[in-house]
Amino acid sequence: MNLAHLFEAGMLVCFGFSWPINVVKAYKAGTAKSTSLAFIFLIITGYILGISAKVINHQFNYVLAVYILNLVIVFSNVLVYFRNRSLDRKREASEENGVIEMKETPKVVYAHEEQIMFAEDKKSSSKAYNVTLMGGTYAKDIPVKKLAEEFDFDFDLFNKSSFALSLRNAKEYFEKYVAKLGSDGMILQLGREDKDIFTANPAEFDTMYLDLLNSIKANNKNCRLALVSISNATNNPTITQMNNHIKAIAQSEQATFVNLENAKLWNPKATQSSLDFAAGMGLKYKKPIFDVAEILYSYAAQNITENHIEMNVAV
């Protein structure tokens with residue numbers, strides 16, 4: 001066996017191993033925004049030159065087969081790129097026509113729909129302030145009306161969470177369904193549906209989260225923000241990284257970070273400050289928005305069973 005050929009084949013296998021993973025990630029991401037077509041064509045050109053050299057030297061062996069296999073896999077990235085570019089164009093066209101595309105959620109499912117306050121309802125409210133919870137599937141089952149009554153809040157508390165809400169459409173969702181409330185406080189738990197984006201491009205995950213926060217601030221510059229971590233019962237290292245990013249975003253935006261790892265230990269009723277904080281819910285102080293999140297998610301930890309579907313991420 002020719003060791004030179006064996007080592008060359010090993011080199012090609014090492015270089016080509018990441019491309020099938022990249023194809024899967026790009027397909028799941030459903031967007032071409034983070035993909036460089038020029039870079040892919042550069043790699044394809046390199047493989048074509050390598051194959052040409054083998055053909056010219058009449059080296060028709062297993063190394064040539066590896067070259068061709070790598071070329072086919074890399075070329076599949078081109079097909080996925082144009083498929084994703086087509087999806088991007090459709091989303092852009094929908095936005096231009098005023099249609100918000102909710103990925104994998106053709107019908108918006110509201111949390112506790114009878115509790116949701118729209119602009120016309122707000123006019124009849126006797127309370128000066130309101131706080132809104134906006135999250136995904138887990139958050140939508142938190143009974144905010146029941147908890148607001150139990151803790152005798154002197155502000156309105158609303159749950160505007162939606163089934164499988166993603167950062168992909170959270171900004172549009174906020175502007176269409178939540179902004180009209182003019183909330184003085186927002187509690188956000190987002191990111192669980194965006195694992196594919198994070199694994200493919202963490203910077204894009206951060207950008208989408210920041211775009212949402214900027215939209216909230218543009219709607220009410222004095223709105224207090226609390227960012228809740230993603231539940232990580234299985235100690236998945238990728239989810240840990242996502243939560244670290246969410247924590248960093250909270251710090252950069254002067255928002256409160258709420259770590260769900262402590263949720264089962266919380267007992268708001270046993271803390272006098274948590275019972276008394278409602279009187280100061282004019283949001284002049286830093287503590288209240290965390291207290292609200294603590295009450296909501298301590299209830300969720302003790303009463304709501306989250307559907308722990310293991311995230312399909314490359315670790």
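**Exercise 1. In which loop is Asp194 found?**

Let's start with some ground rules. This is a predicted model, in which local features need pLDDT of at least 70 and side-chain atom pairs count only at pLDDT 80 or more, while totals for chains, interfaces and linings use all residues. Residues are numbered from 1 along each chain as its sequence is written, and side-chain values use heavy atoms, with hydrogens and water left out.

Step 1: Go to the loop between β3 (185–189) and α8 (195–200); Asp194 is found there. Helices (H or I, at least four residues) and strands (E, at least two) are DSSP runs, numbered from the N terminus.

Step 2: Check its cover. Asp194 has a relative accessible area of 0%, so it is buried (under 20% relative accessible area; exposed is over 50%, partly exposed in between, with a 1.4 Å probe and protein chains only).

Step 3: List the neighbours. Leaving aside residues up to four places away in sequence, Asp194 touches Ser166, Leu167, Arg168, Phe205 and Met242; a contact means heavy atoms within 4.5 Å.

**Exercise 2. Describe two aromatic pairs, and say how the rings are arranged.**

Step 1: Recall the method. A pair of aromatic rings is described by the distance of the centres and the angle of the planes. Rings of Phe, Tyr and Trp (its six-membered ring) pair if their centres lie within 6.5 Å; planes under 30 degrees apart count as stacked, over 60 as edge-to-face and the rest as tilted.

Step 2: Search the whole structure, which gives 8 aromatic pairs. One of them, Phe153 with Phe155, is stacked, at 4.6 Å centre to centre and 10° between the planes.

Step 3: Now take Phe198 and Phe205. Their planes are at 85° and their centres 5.3 Å apart, so this pair is edge-to-face. Phe198 counts as buried because its relative accessibility is 3%, and Phe205 is buried with a relative accessible area of 0%.

Step 4: Return to Phe153 and Phe155, both buried. Together with Phe151 they form one aromatic cluster.

**Exercise 3. Which residues make the nonpolar surface patch of about 410 Å²?**

Step 1: Name the members: Leu3, Leu6, Phe7 and Tyr62.

Step 2: Assign them to helices. Helix α1 (residues 3–16) gives the most, with 3 residues, while Tyr62 is in helix α4 (residues 62–96).

Step 3: Check Tyr62. Its relative accessible area is 36%, so Tyr62 is partly exposed. Patch residues have over 30% relative accessible area and no salt bridge, with nonpolar side chains (Val, Leu, Ile, Met, Phe, Trp, Tyr) joined within 5 Å and like charges within 9 Å. A salt bridge is a side-chain nitrogen of Lys or Arg within 4 Å of a carboxyl oxygen of Asp or Glu. Accessible areas come from the Shrake-Rupley method with a 1.4 Å probe; for residues, only the protein chains shown count as cover.
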